[in-house]
Amino acid sequence: MKTVRIDLNETREMEDQLSAAIRILANGYETGIWSEVCREALLDIVNVRRTLDAKVLETVTEDF
């Protein structure tokens with residue numbers, strides 16, 4: 001297994017960007033504007049967030 005160091009501030013910035021995108025898309029989905037497009041984009045972003053969270057958790061737990 002390969003250990004990769006990540007910058008915590010960079011990870012926080014990515015998380016903030018994902019959160020902003022989710023809020024925008026969720027609003028579009030709820031208001032009915034391009035609902036299907038927003039739904040698909042939300043699913044994609046959730047998958048990206050899960051992958052990012054898994055990588056962070058994997059990196060953190062390796063240090064212990």
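Tutor: Helices (H or I, at least four residues) and strands (E, at least two) are taken here as DSSP runs, numbered from the N terminus. On that basis the protein chain has two helices and zero strands. This is a predicted model, in which local features need pLDDT of at least 70 and side-chain atom pairs count only at pLDDT 80 or more, while totals for chains, interfaces and linings use all residues. Residues are numbered from 1 along each chain as its sequence is written, and side-chain values use heavy atoms, with hydrogens and water left out.

A salt bridge is a side-chain nitrogen of Lys or Arg within 4 Å of a carboxyl oxygen of Asp or Glu, and a search of the whole structure finds three of them. One pairs Arg-49 with Glu-15, whose closest N and O atoms are 2.7 Å apart. This pair links distant parts of the chain, since Arg-49 sits in helix α2 and Glu-15 in helix α1, 34 residues apart. For accessibility, buried means under 20% relative accessible area, exposed over 50%, and partly exposed in between (1.4 Å probe, protein chains only). Arg-49 counts as partly exposed because its relative accessibility is 21%, and Glu-15 is likewise partly exposed, with a relative accessible area of 24%.

The salt bridge between Glu-36 and Arg-39 has its closest N and O atoms 3.0 Å apart, and both residues lie in helix α2, three residues apart, which is about one turn of the helix.

With contact meaning heavy atoms within 4.5 Å, residues 24 or more positions apart account for 61% of the contacts with a separation of 6 or more.
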